[in-house]
Amino acid sequence: MAFLDNSGDIILDAVLTDLGREKMATGDFSVSYFALGDDEIDYSLYNKNHASGSAYYDLEILQTPVLEAFTGTNAAINGGLLTSTATDILYMPIIKINDKGWATSAVIPDGYNSSYPILYLSDSSNDALGSTTISGILGMDSTTAGYVDSVQYLNGDDHSTKYVLLEDGLDTTTYKGTAANATAFITSNGLLNSQYYVHYDNRFINTVYGASSTSTLSMTTSAGSISVTMGAAATATFDLALENYSTARIAGAKNEIYYSPSNTTDDTTISAIQGPRGNFAAIGLAPKSDLGDKYSLFGNTTTMNGTVCEYIDTTIFVEGVTTGATLQIPLRIIRVKV
Amino acid sequence: MTQLLTLDSDDATNTKTLLYESIPLTGTVVSGTYADENIKNYTHGMFQSVYDYPYLSSSANHIFDITMGYHADSVLSSSTAVQNSKKINIYNQMSLVLLGASGSAGDIQPFETDLTQDKSGQALNGFFINLSRLITKDQIKKGTFSMVLGTASYAIPGSRDYFKNPFSTSGAATTVTIQDISASDTGGTANSYGGDYGVLYNTTLASASAISSPPPVNYSNAVGLIFYQAGIIFLSSSVFTGSFASQPLAAPTGFRYNRPNNSTQTIAQTFTGSAISGACDSLRKRIKSISFNNTTEINSTIYFCRIPHNRCNMSSNPTYLTGSKIRVKSVASDPPVAYITTVGLYNSSQELLAIAKLSEPLRKDPTNELTLRLRLDY
C-alpha cells in the first residue's frame with residue numbers, strides 16, 4: 001500500500017515588502033487578499049509534443065529555478081494566475097495597437113513592427129525658445145539629404161486628434177472576426193475588457209486621456225470608420241509596486257469591425273486583430289509641464305532632422321481589467337533642446 | 001491583472017514558537033586567544049566588555065560585560081576603598097533594575113542567593129556578568145546555564161602554576177561548576193522586576209539531593225542568581241571565599257584571588273583594593289567555560305491560502321499565449337494548466353504587503369486543490 005500524496009499542503013515563509021514594513025510600523029498591517037504569481041515561468045517550454053508522453057510536457061517548466069522574494073521596488077507579481085469561468089477555451093484576448101494606418105488620428109509607434117518600437121510624445125515647452133517647434137521636427141518631410149521622414153507621434157498639447165488606438169480580441173485566423181464569434185468566444189466566456197488600466201510614470205506624465213465608452217470603431221464594406229471622444233481618464237487605486245508609477249483607468253468601447261463575406265475590404269486590413277474582437281480603447285498623453293531638469297537627470301539628447309532635441313524614455317503599461325492581458329509601450333517624451 | 005482571492009478571518013491563525021540555540025563560550029575566547037585585545041575597558045571604569053574578536057575589528061561581536069559591586073551596608077564598603085562609590089553604584093543599579101526598591105523609603109534590596117527576599121542568604125558583594133542580547137536573544141532557557149570557574153589561588157607568588165593558571169590541578173580540585181540546576185520552565189524560579197530568576201549552585205560540591213528540583217532546596221551551595229530575561233548573572237563573592245571542603249568552594253587553604261603588582265589579595269581585599277576592571281580581570285581569567293541555551297520567541301501568523309480546484313488555472317503571463325492561443329492546450333477541451341511560483345499578500349487597498357516564493361513551480365489545474373500555508377514571522 002503506497003503512501004498518500006501529501007504534497008497539497010505547503011508551508012512558505014513570507015517576507016514583508018517595503019510597504020508591508022511601513023504598514024507594520026504605522027499599525028495598518030492587515031491582510032485581506034492573496035494572489036498567485038508565475039513570473040519566472042516561460043510557458044513556451046511547455047512541450048506538447050514530447051516523445052515520452054504527457055507526463056513530460058511540463059518537465060522543463062517544473063525545473064525552472066525560482067528567485068528569492070525581494071521586497072523593494074517591483075516586488076509585485078507582474079502577471080499572475082487567473083480564474084476563468086470557461087475552462088474549455090483555447091484562445092484568450094490580447095491587446096494590440098492598431099497599426100493599419102487608415103485612421104489618421106491613430107498614432108503608430110515608430111518602428112512598431114521591429115524589435116525596438118518607440119512611441120513619441122511631443123513636449124512643446126521649449127518651442128517658443130527655439131527656432132523650430134518639436135512638432136515641426138517630428139512631422140518634417142525629408143527634403144534635405146540626411147533628414148528622415150516624419151514620425152508619428154502623440155501631441156502633448158492635442159489629445160483629441162492624436163491617440164494610440166488599442167484593440168483587443170483573439171488574434172487568430174482560426175475563427176473569423178464575426179459578431180457571432182465575438183459573442184461566443186469573448187463575451188460569453190467573460191473575456192471582455194470593459195476597462196483598461198494605464199500604468200504610467202507620474203514624474204513625466206501629467207494626464208492620461210482615454211476614449212469614452214460611446215466612441216465607435218467599425219467598418220463599412222470597404223473602409224474603417226472611427227469616432228472617438230477623448231477625455232481625461234479616471235485615476236485608479238492600483239499597486240503596481242513600480243516606484244513612481246500611477247494608474248489611470250480608461251473605458252473600452254465595443255469594437256464593431258466585423259468580418260463579412262460581402263466586404264470588399266478584408267476586416268484584417270482595418271483591424272490589428274485577426275479574429276473575433278472585443279473592445280477597443282484610445283490613449284492620449286500629456287507630459288508634465290515642468291519636466292525641465294528631468295531631461296538632464298533622466299534623459300539624453302539626440303539630433304533629429306538637424307535639430308538637437310532632448311528626450312526621456314519611459315514605458316507605459318496597458319492592462320485589460322478583466323483578462324489581465326497586457327501591452328507594454330516604450331514611450332519617448334521629446335522636446336527641442338535650447 | 002493579478003487576480004486577488006479573498007482571505008477570510010478563518011484563514012489566518014497565530015502561533016508562538018520557541019527556538020533554542022546552544023551557546024558555548026570557551027574560556028580561551030574570554031581570556032587568552034586574543035591577548036585581551038578583545039577586552040574593552042572604559043575610562044569611566046564601571047565595567048569591561050568582552051568581545052569574541054579584537055574589538056577594534058568590525059567583525060567583533062559583543063558577547064558580555066563584567067562588572068562588580070557591593071551594597072552600601074557591606075563590610076567592604078569604605079571611603080578608603082578603590083572606586084568605592086562606583087562599586088556601590090553598580091550594585092545599586094543592578095538591584096534597582098533586577099529586584100526593585102523595597103519599602104516606603106525605596107531602599108536598595110540586597111541580592112539573596114535564594115528565591116525569596118527575606119533577608120536570609122544576603123549577598124552584599126558580587127560580580128555581574130551581563131550577557132549580550134546577541135547571544136541570549138529573548139531569554140536564557142531555564143535550567144541550561146552552566147559556568148566552570150577556576151578557583152586555584154595566587155597563594156604562592158611566583159609559582160608559575162598558581163600564578164598563571166587558576167585551573168591548576170596542583171593541590172586541591174580547582175574548578176567548580178556553577179549551574180541553575182533547580183530551575184526549569186515549570187518551576188524553581190521566582191519573579192521580580194528583572195523577570196524570572198533562578199539560583200546558581202556550586203554543583204561540584206553540592207550533593208544531588210541538596211539541589212534537587214523542584215524546591216524546597218538546600219541553598220547552602222547557592223552562589224548566585226541568574227536573571228533569565230535580563231541575561232544577567234549575579235555571582236556572589238562567596239564563591240571565592242573559604243577553604244576547600246569546609247565551604248562550598250574549591251579553593252585551597254590560603255586562597256588568594258588576585259595578584260596585582262606582585263602582591264596577593266584575597267577576594268575581600270580585591271573588592272576593596274582593586275579597581276573594578278582589575279577585579280573583573282581576575283574573574284574573567286578564571287572562566288573556563290560558559291554554556292547555556294538561549295530562547296528566541298517567534299510569533300507567527302499563518303495564512304491559509306486556499307485555492308479551489310476551479311480557481312487560478314490560467315495565467316496572464318505574457319508567454320501563456322502565442323498569438324491568442326493558450327500554449328498549454330492543444331484542443332479546447334484540454335484542462336488549463338498554470339504554475340505557481342509566488343504568493344503575494346495584499347491589504348484591502350490591494351497593496352502588496354508580503355510575498356513568498358515556492359522553491360519550485362507548483363502545477364495548478366482543475367484537478368487539484370491547494371492550500372498554501374504562508375508563515376509571516378514577527
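This is a predicted model: local features need pLDDT of at least 70, side-chain atom pairs count only at pLDDT 80 or more; totals for chains, interfaces and linings use all residues.
Trainee: What conventions apply?
Mentor: Residues are numbered from 1 along each chain as written, with chains lettered from A and ligands numbered from 1 in written order. Local features need pLDDT of at least 70, side-chain atom pairs count only at pLDDT 80 or more, totals for chains, interfaces and linings use all residues, and side-chain values use heavy atoms, without hydrogens and water.

Trainee: Is B:Asp365 buried or exposed?
Mentor: B:Asp365 lies in the chain B loop between β23 (352–364) and β24 (370–377); strands are DSSP runs of E, at least two residues, and helices are runs of H or I, at least four, both numbered from the N terminus. Buried means under 20% relative accessible area, exposed over 50%, partly exposed in between, with a 1.4 Å probe and protein chains only. B:Asp365 has a relative accessible area of 6%, so B:Asp365 is buried.

Trainee: Which residues is B:Asp365 in contact with, leaving aside neighbours within four places in sequence?
Mentor: Contact means heavy atoms within 4.5 Å. With those neighbours left aside, the contacts of B:Asp365 are B:His309, B:Asn313, B:Pro336 and B:Val337.

Trainee: Does A:Asn305 count as buried or exposed?
Mentor: A:Asn305 is in the loop between β17 (300–304) and β18 (307–320) of chain A, and has a positive phi near 50 degrees although it is not glycine. Its relative accessibility is 8%, so A:Asn305 counts as buried.

Trainee: What is the phi of B:Asp36?
Mentor: B:Asp36 sits between α1 (27–30) and β3 (39–41) in a chain B loop, and counts as partly exposed at 27% relative accessibility. B:Asp36 is not a glycine, yet its phi is positive, about 65 degrees.
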